[in-house]
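Here are a few exercises to work through with the model open beside you. Try each task before you read its solution.

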Amino acid sequence: MLAMSIAMGILGKITERFGSKGPAAGIQSGATLDENAVLEALRAVQDPDLHRDIVSLGFVRNVKIKSGEVSFEVNLTTPACPVKEKLKTQCEEVVMALPGVTGVKVTMTASTRGSLPINTGSPVSAALGQVKNIIAVASGKGGVGKSTTAVNLAWALAKSGSKVGLLDADIYGPSIPLMTHLREGATASENLVAPPVVDGVKIMSVGMFNQGGKATIMRGPMAAAVIKQFLTQVAWGALDYLVIDYPPGTGDIQLTISQTAPVTGAVIVTTPQEVALIDVRKAISMFETLKVPVLGVVETMSYFVCDNCDKKHFIFREGGGSRVASEHGVAWLGGIPMDPGLVKASDEGTPFVAGHPDTPAGKAFFDVAGAVAAQVSILHAENKNVLQHFSLEWKSDAAAGEWKN
Ligand SMILES: Nc1ncnc2c1ncn2[C@@H]1O[C@H](COP(=O)(O)OP(=O)(O)O)[C@@H](O)[C@H]1O
Ligand SMILES: [Mg+2]
């Protein structure tokens with residue numbers, strides 16, 4: 001009786017491990033379907049951006065095996081991961097190929113990597129202490145599509161499931177309220193100002209305080225004081241990404257932002273022609289001086305696809321953006337085609353990716369957002385040039401670019 005119940009117990013375990021078909025149907029001699037076997041198999045899946053396998057990167061969690069059914073979670077570094085679906089398929093394939101596996105369920109999750117917020121009690125940490133990444137969207141000159149890129153980048157990241165804020169730092173030419181149909185003003189929240197929220201994106205712009213479309217007339221120090229307030233007195237709360245739409249050029253405000261907040265990296269926006277690229281080189285060199293990593297280059301108005309012939313017309317020449325990216329050894333984040341719908345969307349206040357996600361320009365913005373998020377993850381993985389939040393302070397008397405502990 002005792003012997004029989006032991007035998008039943010063992011049989012029960014075997015059935016649980018290998019499913020009703022038993023070991024003969026699946027596992028061959030020597031191989032056991034257990035967590036280790038699953039993890040070993042998953043080592044074949046590489047993250048193409050981080051160049052390591054997903055097991056050693058610590059992405060695989062909660063491996064469960066029940067009657068040949070294997071389930072686990074893959075926790076990525078950003079919800080906007082551009083290769084999410086590809087990784088999921090690869091995971092399913094390698095585990096399904098294991099002997100004894102009858103089914104695979106992969107749940108893709110993400111915890112956005114960022115600099116650890118260290119609360120020092122300073123005004124900056126009150127406003128930005130829970131912001132994991134600050135992304136500067138900058139250009140050497142105006143009119144290249146910088147605000148359009150900033151808005152659509154913010155919306156695309158938010159649509160992928162990230163918590164996002166959008167700061168309009170173009171004090172003299174704020175366009176974010178118009179482009180996002182922002183009607184609400186800011187409200188007081190204890191000692192801080194609470195930003196209004198549109199489609200889940202927290203927004204702050206000097207345009208919200210500018211009644212009747214009057215020109216903003218401010219001397220440099222005043223503009224710098226306003227931008228400082230946005231970085232120290234706004235309740236940004238917990239964000240994965242704060243996208244900042246920079247003013248064009250390489251001036252006072254750019255310097256003030258870098259002196260006040262730990263900017264994770266910069267996205268440089270340009271059009272393809274050589275005259276625009278001269279200014280891109282200046283913008284890249286400014287960020288190098290400020291020790292802000294350049295995440296890469298985005299080209300807008302790359303080409304126009306004609307309605308009738310489907311041909312790509314490179315109106316402003318071809319390949320300028322990718323050339324300047326490789327010249328500086330930074331990533332090429334992608335090109336956005338010309339689309340009159342983009343102008344309409346901006347003027348009407350509906351971010352293009354919200355209304356037209358499946359158009360070539362809409363898809364291009366999602367690809368750019370994925371590429372930006374991937375570059376941020378790479379920075380954190382390499383832990384290179386990432387400013388740790390508030391563990392550093394700006395040496396105001398020293399030459400730009402010097403940080404001390
Ligand atoms: N890919 C594009 N296709 C068509 N129009 C575009 C594109 N990108 C930007 N624009 C338009 O170009 C103009 C300038 O863009 P904007 O984002 O305001 O530039 P910036 O912020 O660099 O000054 C806007 O009217 C915008 O709608
Ligand atoms: Mg602009």
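This is a predicted model: local features need pLDDT of at least 70, side-chain atom pairs count only at pLDDT 80 or more; totals for chains, interfaces and linings use all residues.

Residues are numbered from 1 along each chain as its sequence is written, and side-chain values use heavy atoms, with hydrogens and water left out.

**Exercise 1.** Find the largest cavity and work out where it lies.

Step 1. A volume is the space filled by probe spheres set on the points.

Step 2. Searching the whole structure turns up two cavities of 30 Å³ or more, and the largest has a volume of about 50 Å³.

Step 3. List the lining: D47, D49, L50, T77, T78, C81, P82, A374, S377 and I378. Helix α13 (residues 360-382) gives the most, with three residues. Helices here are DSSP runs (H or I, at least four residues), and strands are too (E, at least two).

Step 4. Domain 1 (24-110) and domain 2 (123-404) both give residues to this lining, so the cavity lies between them. Those bounds come from an automatic or database domain assignment.

**Exercise 2.** Describe the second largest cavity and its lining.

Step 1. Its volume is about 30 Å³.

Step 2. Among the residues that line it are T148, M179, L342 and F352. Helices α5 (146-159) and α11 (340-348) each supply at least two lining residues.

**Exercise 3.** Describe how α7 and α8 pack.

Step 1. Helix α7 (residues 220-232) and helix α8 (residues 252-260) pack at an angle of about 35°, with axes 9 Å apart. Axes are lines fitted to C-alpha atoms over the stretch in contact, and angles run from 0 to 180 degrees between N-to-C directions.

Step 2. Pick out the contact (heavy atoms within 4.5 Å). On the α7 side it includes A223, I227 and L231, and on the α8 side I253 and I257.

**Exercise 4.** Where do N62 and S67 sit, and what is the phi of N62 and of S67?

Step 1. N62 is in strand β3 (residues 60-66). Its phi is positive, about 50°, although N62 is not a glycine.

Step 2. S67 is in the loop between β3 and β4 (69-76). S67 is not a glycine either, yet has a positive phi of about 50°.

How values were computed. Chains are lettered from A and ligands numbered from 1 in the order in which they are written. On a 1 Å grid over the protein atoms alone, a cavity is a set of points where a 1.4 Å probe fits but cannot get out, and a pocket is an open set with protein on both sides within 12 Å along at least five of seven lines; lining residues have an atom within 4 Å of a point.
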